[in-house]
Amino acid sequence: MTTAATVWWQAGTIYQIYPRSFQDSNGDGIGDLAGIVGRLPYLRQLGVDAIWLSPIFPSPMADFGYDISDYIGIDPIFGTSADFDALVAAAHGHGLKIILDLVPNHTSDQHPWFIESRSSSDNPKRDWYIWRDPKPDGSAPTNWMSEFGGSAWQYDEATGQYYYHAFLDKQPDLNWRNPAVRDAIHEVMRFWMRRGVDGFRVDVIWHLIKDEEFRDNPTNPNFTAGRPPHEAFLALYSTDRPETLDVVSEMRRVVDEFDDRVLIGEVYLPVDRLVAYYGKDLSGAHLPFNFALLSAPWNAFSIRELIARYEAALPLGAWPNWVLGNHDRPRVASRVGTAQARVAAMLLLTLRGTPTLYYGDEIGMKQVPIAPDQVQDPLEKNVPGIGVGRDGCRTPMQWGGTEHAGFTTGEPWLPLDTDYLHQNAAALATDPHSILSLYVKLIDLRKRMPELVFGGYEPVDAAGDVLAYRRVYDGQMVLIALNLSGEPASLHVEAGEILLATGLDRYGENVSGQLDLRGNEGVLVKLRPQ
Ligand code: GLC
């Protein structure tokens, strides 16, 4: 049994903020740091422990901040360096940790490092990026595809070579085989940790190292039309190379130079490869993000099976984690529906492992339809019409029923959902049966019941579309039963008392022998000690 009860990133709940969309304070229609400061009391009431900010650094915004032109500054859209210090101080004052997005795989093409690198073949920074000669026929060095459409190689007329970009051509990949690059990013990490940052979420960490021999990727035999074009190939040689884990361990050592910091990695890989990012002897990321729930078929059988596979794959001592939404995937309330969004919340906050929740999911925000002339996302622009666009999950936070939902006094950079008049934080906070009230209760229970944090996970048999499990710790036992269908269901349970139901209504009900669930209902039962 773990004794790490005081480690904040194990016991706590992480809340992702997409800064452009959280709260605008200066009327330009784009969220900013001062806006976040003003909303810290809300986060405190919600009960989360840490906030992760998507990138806030100077950027031409080709990929809305994931194209960084200065790793140690703050983009004026978001505020100043002083605003950042004020945010750290205020957050810490509220007992909230701050996690920054670290984007080490690529920079903006406007970063001074790349401007130097492309200036001539013998520039000292040439080898900071991935430059290759064309094939004899002039074509790209390999068949590697960009995740944002087309070849991942961009020809540079001036120097007669191609550079590699896993995402936009405006996001050239850094060469992580070059020790000078590693040192430079390590210094960036130290810079922010000295400024008080509590850790990093590392962008596309499984992309960092590419094949030394630059072999072509094999074709994907399961590729189907309607999927993003890069999936026509298996990214065997362009991602998840064995040497990546050494690079991750080095980052971890930098994080460990400071007390009590966390290293989280963005990893979209099957479970067996995902868990490799904990590193040999857990020397890698503390939390390689587990995105399994983002694409899971929403039924009890599939979810039970994926939890079992994840639990079984975790290395000894590795701390699990779960994610229900982020700025790249459709909103959970639209993926599973409004009623099941409550069940999903109970799942996220009662599974074993650190939960990360995405801003707005706690008020049930949905994927917002974006008209063609409102599209902002470069992915949707490059790969249109197949539903990969990310604007719909990045719309402004719905704070209240006033104009623009209280997000801005100007014109919001993305449209608000038309439902904001009712579906907003202020209205839901006063409704004891709202999804927001459910989130508050779940997060609070997690703080008060060590079995929800440190307890083991024990699956419980249930018929039909019911997912049930116990969390057991130190003689304390809680049962969670989630009805993933709209039909009533029941299951056998030991004697206990309902502490929370997703409808926020069955408080204190005693159960013994049989637990009846309404359609789309989740229930948390404190079991009597045997
Ligand atoms: C990550 C980010 C995504 C970004 C991409 C390229 O997947 O989450 O938003 O577009 O990396 O940096």
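**Loops, helices and the ligand site**

Biologist: Is Asp281 buried or exposed?

Modeller: Asp281 is exposed, because its relative accessible area is 69%. Buried means under 20% relative accessible area and exposed over 50%, with partly exposed in between (1.4 Å probe, protein chains only). This is a predicted model, in which local features need pLDDT of at least 70 and side-chain atom pairs count only at pLDDT 80 or more, whereas totals for chains, interfaces and linings use all residues. Residues are numbered from 1 along each chain as its sequence is written, and side-chain values use heavy atoms, with hydrogens and water left out.

Biologist: Where does Asp281 sit, and what is its phi?

Modeller: Asp281 belongs to the loop between α8 (271–274) and β9 (287–288). Its phi is near 50°, a positive value in a residue other than glycine. The elements are DSSP runs numbered from the N terminus: helices are H or I with at least four residues, strands E with at least two.

Biologist: And Val204, what is its phi?

Modeller: Val204 has a phi near 30°, again positive in a residue that is not glycine. Val204 lies in the loop between β7 (199–202) and α7 (244–256) and counts as buried, because its relative accessibility is 5%.

Biologist: Let us turn to the ligand. Which residues are closest to it?

Modeller: The ligand is surrounded by 14 residues, and the closest are Asp63, His106, Asp203, Glu266 and Asp328.

Biologist: What is the distance from the ligand to a polar side-chain atom of His106?

Modeller: A polar side-chain atom of His106 is 2.8 Å from an oxygen atom of the ligand. For His327, an N or O atom of the side chain lies 2.8 Å from a ligand oxygen, and for Asp203 the corresponding distance is 2.9 Å. The protein covers 96% of the 300 Å² of accessible area that the ligand has on its own. A polar contact is a pair of N or O atoms within 3.5 Å; within protein, one must be able to donate a hydrogen and the other to accept it, and residues adjacent in sequence count only if both atoms are side-chain atoms. Accessible areas come from the Shrake-Rupley method with a 1.4 Å probe, and for residues only the protein chains shown count as cover.

Biologist: Now α4. Which of its residues are buried?

Modeller: Those residues are Phe84, Leu87, Val88 and Ala91. They line one face of the helix, because they fall within an arc of 95° when seen down the axis of α4; the arc is that of the directions from the helix axis to the C-beta atoms. On the other side, Ala82, Ala89 and Gly93 are exposed.

Biologist: Which elements do the buried residues of α4 pack against?

Modeller: They pack against α2 (33–38), α3 (40–46), β2 (50–53), β3 (97–102) and α6 (179–194), with contact meaning heavy atoms within 4.5 Å. Just after α4, Gly95 adopts a positive phi of about 75°.

Biologist: What span should α12 have?

Modeller: Its 13 residues (338–350) should span 18 Å at 1.5 Å a residue, and the end C-alpha atoms are 19 Å apart, which agrees. The expected span is 1.5 Å times one less than the number of residues. α12 is mostly covered, with 10 of its 13 residues buried, including Gln340, Met346 and Thr350.

Note on methods:
A residue is near a molecule or strand if one of its heavy atoms lies within 4 Å of it.
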